[in-house]
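Visitor: Could you walk me through reading a few features of a structure?
Guide: Gladly; let's look together.

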Amino acid sequence: MSTVQHRLIDCVTELSIDRSALRLLYRDVQQELGHFCGIAGIFSLDPINVPEQLFFPLFSIQHRGQESAGIAYRRANETVVYKDLGMVSQVLARYLDRDISSHLGIGHVRYSTHGGNKLENAQPIHVRSNKGEIALAHNGNISNSRAIQKELFDDGSIFQTSSDSELILHLISRSRRADFHGALVDTLQRIEGAFSLVLMHNDTLMAVRDPSGFRPLFIGTKGGLTVVASESCALDILHICDYRELKPGELVRVDSRGRHHEMLSKQLPTRQCVFELIYFARPDSTVFETSVYSSRKRMGAELARADGTIGDVVIPVPDSGNSAALGYAEQAGIPFELGLTRNHYAGRSFILPTKAARKLAVRMKLHPIRDVISGKRVVLVDDSLVRGTTAKILVALMKEAGAAEVHLRLSSPEIRWPCFFGIDIPTREELISNHMNAAEIARAIGADSVRFLSIEQLQRCLIQPSDYCFSCFSGRYPFAVPLADAQLEITDAVCATTHTGNTS
Ligand code: SF4
C-alpha cells in the first residue's frame, strides 16, 4: 500500500468514518454497476497442472468480479479448495510456480455486494454431502432465493454463507433423488432466475446454463481437454478454438467416459442479459453468438443516427464507451479522439472520504487531454447512466479543459429498475433516471444535452431482439420477482412525476 493510501486511511480513522461505507462510496465513483461473478472449469483425460491452467481463464474474466477469487481441484481422490479476497493475480499466482497434477478443477471470481465482501462468501463452495463431494461456482442470481431460504431455514437448515449459491447445495443434499444427477436436475427445476454453474461432483465436471440463458457460458474442447468458462476470451487464452455456447437449459457432464449433453425439461423463453453486450462482457468476447465489440459499435451508430451533427469531436469514456464512440464517430462522420486518458493503475484498493476527494478519484482515473477538447463541441459517449455521480464530474472536467459544449450520449436506455438476474444495480431511489428526464439530467450534471438509446433503437442493434432481457429499462420481468414494497411505492411516485425523452 502506498504512502498516499496510508495517509488517506489514517485520515478516515481520525475522522471516525465507517471505512466500509467509504469503500462503497469510492466504488460508486469507480464503477456504477457491478457484475456478480465469472466461472471456469477444466476436465482433462490426461493429468495436467489444473490449478495453473485455471489461473488463465479466471484472469481473463477478472472484469466479472474483483473482490475474491478461488479454485477447487481434485488431487488423489480429494478436493482441495483455495480462495481468498483479492484479484486473481493476488490470490492464485501461488499456483503459477507449482506443479500439481490433476484432471479436474473449477474456479470463480466474485463481485461482493450480494452477501457482502466476506471470505465466507468466496467461491467455489465445497461440501461433503449425502450425494458425495460437491464443489460449486455460480454466476447469476437466484430470484426465488428468499422463499427457498426461508423454507429451508424454518426446516432447520444451517447456512454458512449469505450467498444464494449455497441454496443449490442444500437443495441437492435434501433432494429425495438418491443419485447426484437426479438431485441436481431436481434442484434446477426448483430454482428460478440466472444461474450459469460449474460443479465438481467427485471426479465429474458438470456445467449448466439456466433455461432463460441470462448469463453466457461456453464449452470448448482440445483433444481430451474440456474447458468451460463465462466468456469466449477465457477459452481463447488457452488456445482453444473449438468452442460453443451452452444452450439455455443445457446441462453438460464430463468424466472419463466422455461428454454427455442434455436439455432440462423446464423450457422458458430465452432472456439473455442485454447488458452483457452493452457493458459487462469484454469487447474481444463473443457472447450470445454476437461480437461484443461490433454490437457496441452498432449501438453508437444508432445514437448518431438520431443526433445529426451536433459536435466537432467524439470522445469515449474509457474503456466502457470506446466501441460505441467509434460507432458514433463513423456514423456521424466526426473525428474520434481519445480525449480522456485512463490511468490503469488507479485500482479500487483505497478509500476517499470527502466529495472533493471523490472528484479527485475520478481525475486520478480519467484525465482530459486539453489539446483535443479546448474550444470543441464534445460528444461524450459512455455505456450507461446510473446515479450520475461520475458523469457530473466528467462533464465538469471537460468544461475545465475548455470544451465549448458537452453532449453526453449513453449507449443504453434509462436504467430504472433493479436486476434480479446477477447484476448489482442500485436501488430505484438512487437511479437518476427515476427522478429526472433527460433534460433535467443534463441540467443537473452540467451537460448541454443528454440522450439515451431507446429500447427500440437498442433492439435494432441486436440480431434476435426477442431473445433478450430488458427488464432494468422496462420494469417488465420475465417472471415473478421479489420487488420490495418500498420499491413499488417509488415506482408509483416516479410514474406520476417522471417524463421520458431525450434532450438535444
Ligand atoms: S434486468 Fe438488466 S441487467 Fe438484469 S439481466 Fe435483465 S438486462 Fe441484464
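Guide: First, a term: buried means under 20% relative accessible area, exposed over 50%, and partly exposed in between, with a 1.4 Å probe and protein chains only. This is a predicted model, where local features need pLDDT of at least 70 and side-chain atom pairs count only at pLDDT 80 or more, while totals for chains, interfaces and linings use all residues. Residues are numbered from 1 along each chain as its sequence is written, and side-chain values use heavy atoms, with hydrogens and water left out.

Visitor: Is Ser 384 buried or exposed?
Guide: Ser 384 is buried, because its relative accessible area is 10%. Ser 384 sits in the loop between strand 21 (377-382) and helix 14 (389-400); helices (H or I, at least four residues) and strands (E, at least two) are DSSP runs numbered from the N terminus.

Visitor: And where is Ser 143 found?
Guide: Ser 143 belongs to the loop between strand 7 (132-142) and helix 5 (145-154). With 7% relative accessibility, Ser 143 counts as buried too.

Visitor: What is Ser 143 in contact with, beyond its neighbours within four places in sequence?
Guide: Contact means heavy atoms within 4.5 Å. By that rule, the partners of Ser 143 include Glu 192, Phe 421 and Pro 482.

Visitor: Which residues are around the ligand?
Guide: Here a residue is near a molecule if one of its heavy atoms lies within 4 Å of it. Among the residues around the ligand are Arg 215, Cys 273, Phe 421 and Ser 471. Helix 9 (274-280) and helix 17 (471-474) each give two or more residues to that shell.
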